[in-house]
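Have the viewer open while you read.

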Amino acid sequence: MGSMPFPIHRPRRLRSSESMRRLVRETALAPDDFILPLFVVEGEGVNNPISSMPGNSQMSIDGILEKCAECHSLGVGGVILFGIPDHKDEEATEGRAADGIVPRAVRAIKAELPALTVVTDVCNCEYTSHGHCGKIVNGDVDNDTTLNWLAEAAVAHARAGADIVAPSDMMDGRVAAIRAALDASGFPNLPILSYAAKYASSFYGPFREAAESTPQFGDRRSYQMDPANAREALREIALDIEEGADMIMVKPAGPYLDIVRMARDRWDLPLAAYQVSGEFSMIKAAAQNGWIDEHRAMLESLTAIRRAGADMILTYYACDAARALAG
Ligand code: PBG
């Protein structure tokens, strides 16, 4: 710009019509970039609406299959499965079982929709009676024992046919442990999407209702990250990449767009961001009160996450946004 920018420069020229705006638009959304989180429960014909996440339900495998078919026909990039077992215990036994709820759901989906990408969340908190993400020793989660549980869970998911495993527990060394276990079990080509920078966030509140995974004592701050820290996120991501992560994730997304941008600028691996339950439910609640236009807020929030540098977005809006993009 020269010393007299106006009236030479008038940025409004390029906003004069929708066709002009489309031409210069920098960020595009596409259904392929969305991953829909799903909550799978035991039983047949079960559909338990999650009150804090309108439009989302816990579903038994039959319902999950219907939802997956909808995702597939809308061109949604994939689904990520969270299992809610009938029986929880101190050792997260169900989470590691070869015939656990997630492996059975994966088998069913891959049999019916082989082309739909199925990601599995690898964590223990949905399977432990205490709701923490691993083995409790002296009132805290014991890192190294938990690694074995995670590795077993990942192998169970791999044997069932998962396309990607995504550890969300925030134990140190979990990517290396899972990579070693997968390789030793004959899955050297199965990618790991690591929840590399996952914060101890209040925005997970609705999810914990959905996954029945609220910690029964304490909180997750001894393993998930302090929301105040950005450099630490870069260190967490770097460690996961060194340990063999194929893709990295920042979570939550909206309140942490600075971290998404820093990760994008620093690394070339595919980058995911998770628009978590609280981000979704805030838009829903405001829309239900007539305070916000849901359609526009949905697309704006997703566009902002892409603009910050995320390649993929895990979002409860995956199907709605895909429908919106289809016109
Ligand atoms: C499990 C896990 C959580 C979420 C994804 N995986 C909850 C937590 O860490 O407490 C949150 C997702 C959401 O809020 O949508 N460790």
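1. Ground rules first. This is a predicted model, in which local features need pLDDT of at least 70 and side-chain atom pairs count only at pLDDT 80 or more, while totals for chains, interfaces and linings use all residues. Residues are numbered from 1 along each chain as its sequence is written, and side-chain values use heavy atoms, with hydrogens and water left out. Helices (H or I, at least four residues) and strands (E, at least two) are DSSP runs, numbered from the N terminus.

2. The ligand. There are 19 residues around the ligand, and the closest are Lys 198, Arg 208, Lys 251, Ser 277 and Tyr 316; a residue counts as near if one of its heavy atoms lies within 4 Å. Now the polar contacts: these are pairs of N or O atoms within 3.5 Å, and within protein one must be able to donate a hydrogen and the other to accept it, with residues adjacent in sequence counting only if both atoms are side-chain atoms. A side-chain N or O atom of Tyr 316 is 2.6 Å from a ligand oxygen. For ligand nitrogen, the side chain of Lys 251 has an N or O atom at 3.2 Å, and Ser 168 has a polar side-chain atom 3.3 Å from a nitrogen of the ligand. How much of the ligand's accessible area does the protein cover? The protein covers 100% of the 400 Å² that the ligand has on its own (Shrake-Rupley method, 1.4 Å probe; for residues, only the protein chains shown count as cover).

3. Helix 12. The 14 residues of helix 12 (294-307) should span 20 Å at 1.5 Å a residue, and the end C-alpha atoms are 20 Å apart, so the two agree; the expected span is 1.5 Å times one less than the number of residues. After the helix comes Gly 309, with a positive phi near 125°. Buried residues here include Ala 297, Leu 299 and Ile 305 (buried is under 20% relative accessible area, exposed over 50%, partly exposed in between; 1.4 Å probe, protein chains only). Their cover includes strand 1 (34-41), helix 11 (277-288) and helix 13 (318-325).

4. Helix 5. The twelve residues of helix 5 (101-112) reach 17 Å from first C-alpha to last, close to the 16 Å expected. Among its buried residues are Ile 101, Val 106 and also Lys 110. The buried set packs against strand 1, helix 3 (61-74), strand 4 (78-84), strand 5 and helix 6 (143-160).

5. Strands 5 and 8. Strand 5 (117-122) and strand 8 run parallel, joined by four bridges; pairing takes at least two DSSP bridges. Thr 120 stands opposite Val 165. In strand 8 (164-167), Ile 164 and Ala 166 point one way, Val 165 and Pro 167 the other, and all are buried. Over in strand 5, Val 119 counts as buried because its relative accessible area is 2%. Val 119 is in contact with Val 79, Ile 80, Leu 81, Ile 164 and Ala 166, leaving aside neighbours within four places in sequence (contact is heavy atoms within 4.5 Å).

6. Ser 194 sits in strand 9 (193-198) and is buried at 0% relative accessibility. Beyond four places in sequence, Ser 194 touches residues including Pro 167, Asp 240 and Met 249. Met 225 belongs to the loop between helix 8 (205-211) and helix 9 (231-243), yet Met 225 is buried too, at 2%. Its contacts beyond four places include Met 170, Lys 198 and Glu 236.

7. Backbone spots to check. Most residues other than glycine have a negative phi, and most peptide bonds are trans. Which peptide bond involving Lys 251 is cis? The one joining Lys 251 and Pro 252, with omega about -10°. Phe 6 to Pro 7 is also cis, with omega near 10°. As for phi, Ala 92 has a positive value of about 55° and is buried at 0% relative accessibility. Glu 212 has a positive phi near 50° and is partly exposed at 42%.
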